[in-house]
Amino acid sequence: MEKCDQCPEDEWPNSRHSSCLKRPLDFLSFHDLLGILLTLLIVTLCVFSIIILVIFIKYRETPIVKANNRNLSYIILISLMLSSLCSFLYIGNPAKIICLLQNIIFYLVFTFAVSSVLAKTITVLVAFNVSKPNSKFRILLRNRYSYMFITLCFIGEFGICLCWINFYPPYPARDSVSKSGILILYCNVGSHVLFYIALGYNSFLALLCFLVAFFAKKLPDRFNEAHHITFSMLVFCSVWISFIPAYISTKGKYMTAVQVFAILASSTGLLGFIFFPKCFIMIFRPEFNVKKSQYIRRK
C-alpha cells in the first residue's frame, strides 16, 4: 500500500496486485472464428469475380457483352477483385506499413470501380438519348472519353489520399482503456476528417451514379442496364450509410470486422446486380443472347 508500482501499458496487475501479467491482445486475427469467416468471404468474392471475368472474356463476341461496353466491364470486375483482396490488409496484427496501406489502397481501388460504373451509366444515358448522327454528344460514346472520365475521378481521390499520407498518415496504435485487462491493437486513421472525406468522395460518386442510372432506367427499352446499376448503387449507398454509426459504436476487432464487411457487402452488391443477370443469360438462356432477341436493344 505504501509503495505501488504502475504496470506497463501492455501489462495488467494480478488479482492480489502483487505482480504484473501480460494483457491479452485484441485484434482481428486469421486464427479467430470471425477472421476465418471473413477470410472465406473474401476468397469467395474474389473467386466469383474471376469466374465472371472469365465468362465475360469467353463470351466477349456475343451481343450482350458488346452492348455492355466490355472494356469497362473488365475494368469493373478487376477493380472489384482487387478491392476484395484489399480486405486482407485489415486482418492480422496491424503493422506500420499495413496501417498506411489499408484505407489508401482500398479507396483508390474502389474509386476506380465506382467511377467505371458511373462512366458506364453515362454511356448508357447518352446512347439512348442521342439520335442525331452528327450530334456533338456522340463523342461521349467513345472509349477514350470514358477512360478520361475515370482518370479524372481517380485523380481526385488520389489527391485526397496523398494529403492524408503526407500530413496525417495512419499508424498502429494501442488502446488499454476501452476494455479492462485487454490491450486493443488497431490502426489509427490519423485524421478522421480526411478519412470521412475519402469515404464521402466515393459516396458522392456512387450517389451521382445512382441519380444518373435512376433517370436512365426510364428509357424505353427492355434491355436497359441502368435498372441493374440503380439497384447496385442503392445497395452500395445503404451499406456505407449504415457503416458510419456501426464503425463509431464498435471497438477492437469488431470495428475492423465492420469495415471489412462493408467492403465485401458493397462489392457483392455491384457484382450481383450488374453482372450476375448477364452471366445467367449467357450460360442458361443463350437464346436471349442474340441480336434479334427483344432482350437486347435493336439498333
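**Close-up 1. Cys86 in the predicted model, and its burial.** In this predicted model, Cys86 has a relative accessible area of 6%, and because burial is assigned under 20%, Cys86 counts as buried. Cys237, with 17% relative accessibility, is likewise counted as buried.

**Close-up 2. The disulfide of Cys99 and Cys187.** One disulfide is found when the whole structure is searched, and it is formed by Cys99 and Cys187, whose sulfur atoms lie 1.9 Å apart. The link of Cys99 and Cys187 is left-handed, with -75 degrees about the S-S bond, and both Cys99 and Cys187 are buried.

Close-up 3. Cys237 takes part in no disulfide, and the nearest cysteine sulfur, which belongs to Cys209, is 8.8 Å away.

**Close-up 4. The largest nonpolar core and the surroundings of Trp240.** The largest nonpolar core holds 67 residues, and Phe56, Trp240 and Phe275 are those with the most contacts inside it. Helix α6 (residues 192-216) contributes the most to this core, giving twelve residues. When neighbours within four places in sequence are set aside, Trp240 is in contact with Phe106, Phe110 and Leu199, and also with Ala262, Ile263 and Ser266. In soluble globular proteins, nonpolar side chains tend to be buried together.

Terms used:
Residues are numbered from 1 along each chain as its sequence is written. This is a predicted model: local features need pLDDT of at least 70, side-chain atom pairs count only at pLDDT 80 or more; totals for chains, interfaces and linings use all residues. Side-chain values use heavy atoms; hydrogens and water are left out. A nonpolar core is a set of buried Ala, Val, Leu, Ile, Met, Phe, Trp, Tyr and Cys residues joined through side-chain atoms within 4.5 Å. Buried means under 20% relative accessible area, exposed over 50%, partly exposed in between (1.4 Å probe, protein chains only). Helices (H or I, at least four residues) and strands (E, at least two) are DSSP runs, numbered from the N terminus. Contact means heavy atoms within 4.5 Å. A disulfide is a pair of cysteine sulfur atoms within 2.5 Å.
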